[in-house]
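Please consult it alongside the sequence and the model displayed here.

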Amino acid sequence: MTSLSPADQATIAHVCQDWTAAYSAPPVSLPTIIVVRYLTDDHLEDLTARHDRATILRAVTAHLTAHPEDLTAPRISHRERLNRQADRNARADAHLTAALHHHTAAQPYETLALIDRAELASPTHKDYDRYRRAVYRNLPPLTPTDLTGTGLRHRITLPLAYPHPGPPVMYHGSTARRWVYPGHRVIHGNWPAAIPEHCTATDDELMEWNAAGTVRVCTGCGLDDT
């Protein structure tokens with residue numbers, strides 16, 4: 001079993017938005033536990049194959065608990081579902097077009113962030129790893145630090161969340177703009193700077209070793225510089 005990625009969670013959200021009412025709304029009006037089973041078994045087969053059925057059942061249940069409006073929404077037509085998916089695909093294509101522009105301009109950080117946004121917009125539309133591999137051929141990614149047992153966590157942020165670039169880290173320091181090799185992440189914490197790109201603590205002496213000397217972190221923004 002593997003953990004669900006943001007793209008997996010987006011897939012579950014889209015299925016719930018498009019199909020829940022088909023089972024929960026009148027005249028069918030199935031109980032939620034049965035609705036969850038139908039959504040999992042009939043519409044999320046790829047996810048259950050990659051993870052396991054129990055994981056997806058829990059994820060669908062959690063989504064509907066957080067979004068009860070999906071359970072009370074009116075039924076929609078098959079045409080409306082197709083239109084919704086077409087809109088998602090169009091948003092993904094727009095992000096990929098922008099990503100190509102940055103890729104052509106040799107800007108891998110922006111390219112990868114836009115590919116992430118495209119995948120979240122419509123996870124099943126394309127093979128997004130194919131686009132990432134094209135970027136990584138010129139700039140192989142760094143394997144992030146293993147934080148298991150350290151008590152530390154990588155900060156989770158939205159890709160390219162304006163005005164913050166979001167992961168991957170583009171550079172370190174608002175003035176010096178020191179280059180950061182792809183794959184470095186930000187350790188969760190109450191740092192003075194919200195993101196490495198806004199950090200003013202760029203001197204080496206402001207880097208501290210944490211977790212018994214296993215993780216080197218910038219005290220200004222939490223950049224993992226191990």
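Predicted model: local features only at pLDDT ≥ 70, side-chain atom pairs only at ≥ 80, totals over all residues.

Residues are numbered from 1 along each chain as its sequence is written, and side-chain values use heavy atoms, with hydrogens and water left out.

**Overall layout**

- The chain contains eight helices and four strands; these are DSSP runs (helices H or I, at least four residues; strands E, at least two), numbered from the N terminus.
- Starting at the N terminus, the order of elements is α-α-α-α-α-α-α-α-β-β-β-β.
- Of the 226 residues, 41% count as buried, where buried means under 20% relative accessible area, exposed over 50%, and partly exposed in between (1.4 Å probe, protein chains only).
- Among contacts (heavy atoms within 4.5 Å) with a separation of 6 or more, 65% join residues 24 or more positions apart.

**Helix H7**

- Helix H7 covers residues 108-121, and its end C-alpha atoms are 20 Å apart, in agreement with the 20 Å that its 14 residues should span at 1.5 Å a residue; the expected span is 1.5 Å times one less than the number of residues.
- H7 is largely enclosed by the rest of the structure, because 11 of its 14 residues are buried.
- Among these buried residues are Tyr109, Glu110, Leu112, Leu114, Ile115 and Glu119.
- The cover over the buried residues of H7 includes helices H1 (6-24), H6 (78-104) and H8 (128-136), together with strand S2 (178-179).

- Tyr128, Arg132 and Val135 are the buried residues of H8. They lie on the same side of H8, because they cover an arc of only 55° around the axis; the arc is that of the directions from the helix axis to the C-beta atoms.
- These buried residues of H8 pack against H6 and H7.
- The axes of H6 and H8 come within 12 Å and cross at roughly 10°. H6 is therefore roughly parallel to H8, a label for angles under 35 degrees. Axes are lines fitted to C-alpha atoms, for helices over the stretch in contact, and angles run from 0 to 180 degrees between N-to-C directions.
- Ala92, Leu96 and His103 of H6 make this contact with Tyr128, Tyr131, Ala134 and Val135 of H8.

**Nonpolar core**

- The largest nonpolar core has 16 residues, of which Ile12, Cys16, Leu39, Leu44, Ile56, Val60 and Leu64 touch the most other members. Such a core is a set of buried Ala, Val, Leu, Ile, Met, Phe, Trp, Tyr and Cys residues joined through side-chain atoms within 4.5 Å.
- H1, helix H2 (32-43) and helix H4 (53-66) each give two or more residues to this core.
- Leaving aside residues up to four places away in sequence, Leu44 touches Thr11, Ile12, Val15, Leu39, Ile56 and Val60.

**Backbone in the loops**

- Most residues other than glycine have a negative phi, and most peptide bonds are trans.
- The peptide bond from Pro26 to Pro27 is cis, with omega near 5°, and Pro27 is found in the loop between H1 and H2.
- Ser29 is also placed in the loop between H1 and H2; although not a glycine, Ser29 has a positive phi of about 50°. Ser29 is partly exposed, with a relative accessible area of 40%.
- Ala106 lies in the loop between H6 and H7 and has a positive phi near 60°. Ala106 is exposed, at a relative accessible area of 63%.

Terms used
Parallel < 35°, antiparallel > 145°, perpendicular 65-115°, else oblique.
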